[in-house]
Amino acid sequence: IFFFFFLLSLSLSLPFSFPSIPSLLRVDQNDNTSLQWSNPAQQTLYFDDKKALRDNRIELVRASWHELSISVSDVSLSDEGQYTCSLFTMPVKTSKAFLTVLGVPEKPQITGFTSPVMEGERMQLTCKTSGSKPAADIRWFKNDKEVKDVKYLKEEDANRKTFTVSSTMDFLADRNDDGAVVSCRVDHESLNSTPQIAMQVLEIHYTPLVKIISSNSWPEEGQSIILTCESKGKPVPEPVLWTKDGGELPDPERMVVNGRVLSISFLNKTDNGTYRCEAKNPIGRNSTEYVLIVHDVFNTLLPTTVIPSLTTATVTTTVALTTSTTTSATANSTRDPNALAGQTGPDHALIGGIVAVVVFVTLCSIILLGRYLARHKGTYLTNEAKGAEDAPDADTAIINAEGSQVNAEEKKEYFI
């Protein structure tokens, strides 16, 4: 379909004006002279109000002594050229106008696409349009974003007047392009700012993409945890497979799989390990891992590093026990500034140290008490035997002994 450069239906008249004719041609006086329109082939179209060429597309608009207007409809490329208006006087006066016909480009078509396309394959899409004059411009878009790296080719048609234009876009198929809309837009001055567009939706097949999401970032003993395996692929992946440390789940009663979700209740230290989620589709398979570490139950009592002081060798049992108890209370009430606030569970080393100190102090007290009693008993026996070494008989020895009743008032013994 073609049309004039200026008007879809152009009226050629006298007077008239075209860009190539800077002034108007007017017939102010006419002494019964005739007006004539002729086409680029110098064929007479109208002579005054008489039609000279049998062409239904050419019609008379107005005819008078000073004006001859005609119209040409359904303009084609063959109508392009120079039209002449003649006034038959002596000499003959003429005025010329050049008619430019634009070739409207055909609706573009995209070729080279096969569906589906595997990820990583090279795609080559070609957009082609014919019949444009002058040559049309082709632009590529992917999701409304223009693609610049394309090839452009212009060829002249067989009629040597219009052009066939093609453009090729070459790229590697990527999973992010799945569902993307690729459009080819043809711009031409004959389209009145309304470009012609051809579109193609891409379909890319790719292996699954797997990710594990945990419901608990700090799992502790006795708690529960839910691991969700998110898998995305095309075609849609089959149901996922859960494993632990390369084998099946060891405790199906506590480890329940529901579709893509793995639920573990009443966590304990035996649940520590590497959990793997695997998904597959006809294109391939993929997997990801999650390392589970079950922590001790959080304890608000923070451990301490204070070491209880030891008693001297002269303290009694009662004093040692009292001192140990006081030191232990002080240890429990004193916080280590270097201790972590998030540390959990009792400090077995600290408890063992306190118990060892208490046992050590107790043993020391018992030993001191035993030595004291032994020394007191020895002194008593010695005093009882004094003065009896030189006695001739037992009676004399008793009488002369320092522990006898005779000296009882002078020497007294006290027990503590």
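C277 is buried, at a relative accessible area of 0%; buried here means under 20% relative accessible area, exposed over 50%, and partly exposed in between (1.4 Å probe, protein chains only). This is a predicted model, where local features need pLDDT of at least 70 and side-chain atom pairs count only at pLDDT 80 or more, while totals for chains, interfaces and linings use all residues. Residues are numbered from 1 along each chain as its sequence is written, and side-chain values use heavy atoms, with hydrogens and water left out. The structure holds 2 disulfides (a disulfide being a pair of cysteine sulfur atoms within 2.5 Å).

**Disulfide C229–C277**
- C277 has its partner in C229, and the two sulfur atoms sit 1.7 Å apart.
- C229 is in strand β21 (residues 225–234) and C277 in strand β25 (residues 273–281), so this pair ties together parts 48 residues apart in sequence; strands are DSSP runs (E, at least two residues), as helices are (H or I, at least four), numbered from the N terminus.
- The link of C229 and C277 is left-handed, with -75 degrees about the S-S bond.
- C229 counts as buried too, at 1% relative accessibility.

**Disulfide C127–C184**
- C127 and C184 have their sulfur atoms 1.6 Å apart.
- C127 comes from strand β13 and C184 from strand β18 (residues 181–187), so the parts tied together are 57 residues apart in sequence.
- This link of C127 and C184 is left-handed as well, at -65 degrees about the S-S bond.
- C127 is buried at 0% relative accessible area, and C184 is buried at 0%.

**Pairing and other cysteines**
- Number the bonded cysteines of the protein in sequence order and the pairing reads 1-2, 3-4.
- C85 is buried, with a relative accessible area of 1%, whereas C364 is partly exposed at 30%.

**Around S130**
- S130 lies in strand β13 (residues 122–132), and S130 is buried with a relative accessible area of 19%.
- The S130 side chain makes a polar contact with the side chain of T164 (3.1 Å); that term means a pair of N or O atoms within 3.5 Å where, within protein, one must be able to donate a hydrogen and the other to accept it, and residues adjacent in sequence count only if both atoms are side-chain atoms.
- Leaving aside neighbours within four places in sequence, S130 is in contact (heavy atoms within 4.5 Å) with V104, P105, E106, F163 and T164.

**Transmembrane region**
- UniProt, in an unreviewed entry, places a "transmembrane region" at residues 349–369; its positions follow the numbering used here, feature names are shortened, and annotations may be inferred rather than shown by experiment.
- In the model, residues 349–369 are 100% helix and 0% strand, with the end C-alpha atoms 30 Å apart.
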